Amino acid sequence: MTVDLPPAPAQLDTPARPRRIPPAVLLIAPSIVFMALLLGWPVIQGVLQAFRSDDGFTLEFVTRMVQDPYFWPAVRNTLLLIAVMIPLQFAFAITMALLLRSNPRLDKVHFFVWAIPLALSDLAAGLVWLSIFNDRGYLNSVLASLGIDTIPWLAYDNPTTLFLCVLVAEVWRSTSLVLVIVVSGLQGIPKDYDEAAQVFGAGFWQRLRHVTLPLLKPSLQVALILRTILAFQTFAVAQALTGQNFPLVVGETYRWYTGLQNPNVAAALALVILVASMLISIFYLRALRDKGQEGTR
Amino acid sequence: MADITISHLVKTYPGGTERATDDVSLDIKDGDFTVLLGPSGCGKTTLLRMLAGLELPDGGSVAVGGRDVTYLPPNKRNMSMVFQSYAVFPHRKVRYNIGFGLAMAKKPKEEIDRKVEWAADLLQLGPYLDRLPAQLSGGQRQRVAVARAIVMDADVLLMDEPLSNLDALLRLNFRSELKKIVKDLGTTTVYVTHDQSEALSLGDRVAVMRKGRIAQLGDPLDVYDAPADRFVGGFIGSPPMNFINAAVSGDGDVLLVGDQRLRAPSLLRSFSSADVVLGVRAENVAVDTQRSSGDVPGTVLVVEPMGSSILLTVEVEGQTIKVQAPPTFRTTPDSRIWLTFSPNSMRFYDSETAMALVAR
């Protein structure tokens, strides 16, 4: 067989090159090592911790996590918060981005002010809102000065206002992230598309629905994934405002780890968040995939 | 279909000090194809965008078909437009793109389908209706943009340098196709371009713009033959018109170009002893290697064969001009040739104001 094949000239002329590691591998090696040490290893450790006791594999910690009276309320609260907060945030962020796009006076200042919460630590934000919603906080002071009965916003037996307070604080704190992503996405869309739609008779809502939002889809997808994953991790604001009165999954993780000194159950809870985040990302990626543009990229 | 009346339009962009359009007035007859021609920054696109409603003027008015549309939003003006960047929606198929305007107007589906098919047929887009713009070539995307504009039954069709992103050959082919399509449609059309050959070949009328004003408005051949000022003559034509400094003799009979004496046309009688600028197109200068009466001597500097002609750069009395010689003409740099200016094709401009001279 080999006789029929023409000899490869390169192999005749040059001696066999010594096997080398491709430069690409060398280039990404530092980040691979870095990621493996700082992300991969802890993840593996965490997963193992949730399932391993001194006697080997066990579901004991998972069982303990599920049977804890705070677990299901925490899951329910987290999901409820996500379900209400994410649509609200996107409505706000898109509205604000569209307002900014219409080049109002001082648009840079507006954008800067709206982006401030991004720079704030979430615990600080929680404390700020605590000073507002507190029984003797700013909000109640205003109400009292207007002659309206004050409301114990953060009372443990008032789950609706507890939820509302956490919701308002979280929306305030984290909408700016969505805003920044949506604004940068809008800036990436040439104005011509919107102008063409205007000339061809499309009104504001028609343009939003048929032109702007579809073209914004990649940015919205990124923002959705980021925001939802981060919403699963909502913690400090709720902790500052409500303590354990409005339990969330990450708050429970924290309580098991520091309060109850049980890292194994805490690891199991963290695993719940990891799995939920992965599932939701896969869901978004599939749901928002542009069927039309497949194969062209 | 409708006529357009633009009166005293003034626009200054925020932050700018110069007027983008400076008191522009223009009447466009129903069904006319008007080309706005000018170098970049002359205000032609601004004028078009104010027609479309994408920019609002600081002063003046725009009326279409007798209706004042100056401050109407774009979607209420019943216009359609072809954009320089095509602006074909990348996320939707060709079929949807062409029918976009009709769908926004909530036309019945059969009507949309029928018109889309018609336009696709006209622009040879039939096989591509179910493709996405990303799967089309630049020329095809351009066709989609034109198809989207012509299905609209708009009062006015606006085109903003629609051919400038196509390669030279495609541009030439599509230009004549576009002319036929628009002529058959009969829609009033305003077309913006910086390409003078496009303007001359497409327009019923050409408005040459400079610094926010219309420098000349007229039939394409008039604009070419008799530029209203030196700017228009220098902008239109390839090569641009030659301008030669000259003087009229005391009795007004003789035109002096350096030491050379030419017979002055009767127009110059009233400009005796004045400094003037002689404007003449390269193809209106006859060349010869032999001297005959009335000829002006020149020295060849550069010889550029163009195929259909030979472009010569010639020095005449210390001034450099371009001359178009027949392809059979043979000469070499540094040789002496003789030029004849045909009296009918000579234009004269005031040496100070650069405006065309008219008999007075």
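**Figure 1. Surroundings of B:Asp32 in the predicted model.** B:Asp32 counts as buried because its relative accessible area is 11% (buried is under 20% relative accessible area, exposed over 50%, partly exposed in between, with a 1.4 Å probe and protein chains only). B:Arg205 forms a salt bridge with B:Asp32, with the closest N and O atoms 3.7 Å apart; a salt bridge is a side-chain nitrogen of Lys or Arg within 4 Å of a carboxyl oxygen of Asp or Glu. The pair links distant parts of the chain, 173 residues apart: B:Arg205 is in strand β9 (residues 205–210) of chain B, and B:Asp32 is in the loop between β2 (21–28) and β3 (33–37) of chain B. Helices (H or I, at least four residues) and strands (E, at least two) are DSSP runs, numbered from the N terminus. This is a predicted model, in which local features need pLDDT of at least 70 and side-chain atom pairs count only at pLDDT 80 or more, while totals for chains, interfaces and linings use all residues. Residues are numbered from 1 along each chain as its sequence is written, chains are lettered from A and ligands numbered from 1 in the order in which they are written, and side-chain values use heavy atoms, leaving out hydrogens and water.

**Figure 2. The interface of chain B with chain A.** In contact (heavy atoms within 4.5 Å) are 26 residues of chain B and 19 residues of chain A. The buried area (accessible area, 1.4 Å probe, that two parts lose on being put together, summed over both) is about 2000 Å², and carbon and sulfur atoms give 67% of this area. Of the area that chain B buries against chain A, B:Asn75, B:His91 and B:Met104 supply 28%, more than any other three residues. One salt bridge is counted between the two chains, and the side chains of A:Glu195 and B:Arg49 meet in a salt bridge at 2.6 Å, N to O. A:Glu195, B:Lys11, B:Arg49 and B:Glu55 are linked in a network of salt bridges.

**Figure 3. Helix α12 of chain A.** The buried residues of helix α12 (residues 249–259) of chain A include A:Val249, A:Val250 and A:Trp256. Among the elements that cover the buried residues of α12(A) are α4 (71–101) and α13 (263–287) of chain A. A:Glu252 and A:Arg255 form a salt bridge, the closest N and O atoms being 2.6 Å apart, and the two residues lie three residues apart in α12, about one turn of the helix. The side chain of A:Arg255 also meets that of A:Asp68 in a salt bridge (3.1 Å, N to O). A:Arg255 lies in helix α12 and A:Asp68 in the loop between α3 and α4 of chain A, so the pair ties together parts that are 187 residues apart in sequence. Both A:Arg255 and A:Asp68 are buried. Just after α12(A), A:Gln261 takes a positive phi of about 50°.

Figure 4. A:Asp194, in helix α9 (residues 191–199) of chain A, is buried, with a relative accessible area of 12%. The side chains of A:Asp194 and A:Arg207 are joined by a polar contact of 3.1 Å (a pair of N or O atoms within 3.5 Å; within protein, one must be able to donate a hydrogen and the other to accept it, and residues adjacent in sequence count only if both atoms are side-chain atoms). A:Thr234 is placed in the loop between α10 and α11 of chain A and counts as buried at 3% relative accessibility. A polar atom of the A:Thr234 side chain lies 2.6 Å from the backbone oxygen of A:Ala231.
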